[in-house]
Amino acid sequence: MKNRIKQIRILNNLSMEKFGKRIGITRSSVCKLESGENNPSEQTIKLICKEFNVSYDWLTNGVGSMQSNINMPAMARIDALMTGENEFAKKTFEKFSELDENEWLLLEKIIKKLSD
C-alpha cells in the first residue's frame with residue numbers, strides 16, 4: 001500500500017506536506033506511510049479514497065482500477081498505469097508506443113470492425 005499512496009501523491013503533483021494537508025495528517029506521517037514504517041488507519045484510507053477519488057480495493061489490496069470513477073485526463077491514467085504494478089498494462093502501452101502510422105491505421109480498422 002505504501003507504493004500506491006506515493007503513486008497517488010506523485011500523480012497529483014503534491015509534496016508530502018501538501019498531500020498530508022489534503023487528508024489532515026502531517027508531512028512526517030505521510031513520509032512514514034510511504035516508507036512503510038506506519039500503516040494508515042482506516043480513517044486515513046477512507047480520506048485518501050474520498051479526496052483523490054481512488055478505489056478502496058485498489059488502495060488497500062492493489063485490486064482493480066486505481067480510480068473509482070475515471071475523471072482524470074488520459075495522460076494521467078497512462079502515467080498511473082506505467083508507474084503501477086500491472087505488468088500487462090505496461091507492456092501493452094510500451095508496444096503501442098512502438099507502432100508507426102500505418103500500424104495505427106491498421107489497428108483502427110481492426111477495432112472498428114470488432115465494434116461493428
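How many helices and how many strands does the protein chain have? I looked this up first in the predicted model: the protein chain has eight helices and zero strands. Read from the N terminus on, the elements run α-α-α-α-α-α-α-α.

**Entry: overall dimensions.** I then checked the extent of the protein chain. The radius of gyration is 17 Å, well over the 13 Å that the globule rule gives for 116 residues, so the chain is more spread out than a compact globule. Along its principal axes, the C-alpha trace spans about 50 × 25 × 20 Å.

**Entry: α2 against α3.** I looked up how helix α2 (residues 16–23) packs with helix α3 (residues 27–35), and found an angle of about 100 degrees with the axes 8 Å apart. Angles of 65 to 115 degrees count as roughly perpendicular, which is why α2 is described as roughly perpendicular to α3. On the α2 side the contact is made by Met16, Glu17, Phe19 and Gly20, and on the α3 side by Arg27, Val30, Cys31 and Glu34.

**Entry: α1 against α3.** I next asked which residues of α1 meet α3. Helix α1 (residues 2–11) packs with α3 at an angle of about 130 degrees, and their axes are 7 Å apart. That makes α1 oblique to α3. From α1, Lys2, Ile5, Lys6 and Arg9 meet Val30, Leu33, Glu34 and Ser35 of α3. The class division for this contact is three nonpolar, one polar and four charged residues. I note that Val30 and Glu34 of α3 are listed in the contact with α2 and also in the contact with α1.

**Entry: α2 against α4.** I turned to helix α4 (residues 42–52), which packs with α2 at an angle of about 100 degrees, with the axes 9 Å apart. The two helices are therefore roughly perpendicular to each other. Phe19, Arg22 and Ile23 of α2 make the contact with Thr44, Leu47, Ile48, Glu51 and Phe52 of α4. By class I recorded five nonpolar, one polar and two charged residues.

**Entry: helix α8.** Lastly I examined helix α8 (residues 101–115), which has 15 residues. From its first C-alpha to its last α8 reaches 21 Å, close to the 21 Å expected at 1.5 Å a residue. What lies at the start of α8? There, I found a side-chain oxygen of aspartate 100 within 3.1 Å of the backbone nitrogen of asparagine 102.

Terms used: Residues numbered from 1 in each chain as written. Predicted model: local features only at pLDDT ≥ 70, side-chain atom pairs only at ≥ 80, totals over all residues. Heavy atoms only, no water. Axes fitted to C-alpha atoms, helices over the stretch in contact; angles between N-to-C directions. Helix = DSSP H or I, 4+ residues; strand = E, 2+ residues; numbered from the N terminus. Parallel < 35°, antiparallel > 145°, perpendicular 65-115°, else oblique. Contact = heavy atoms within 4.5 Å. Nonpolar A, V, L, I, M, F, W, Y, C, P; charged D, E, K, R; others polar. Expected span 1.5 Å × (residues − 1). Polar contact = N/O pair within 3.5 Å; in protein donor to acceptor, adjacent residues only side chain to side chain. Rg over C-alpha atoms; globule rule 2.2 N^0.38 Å.
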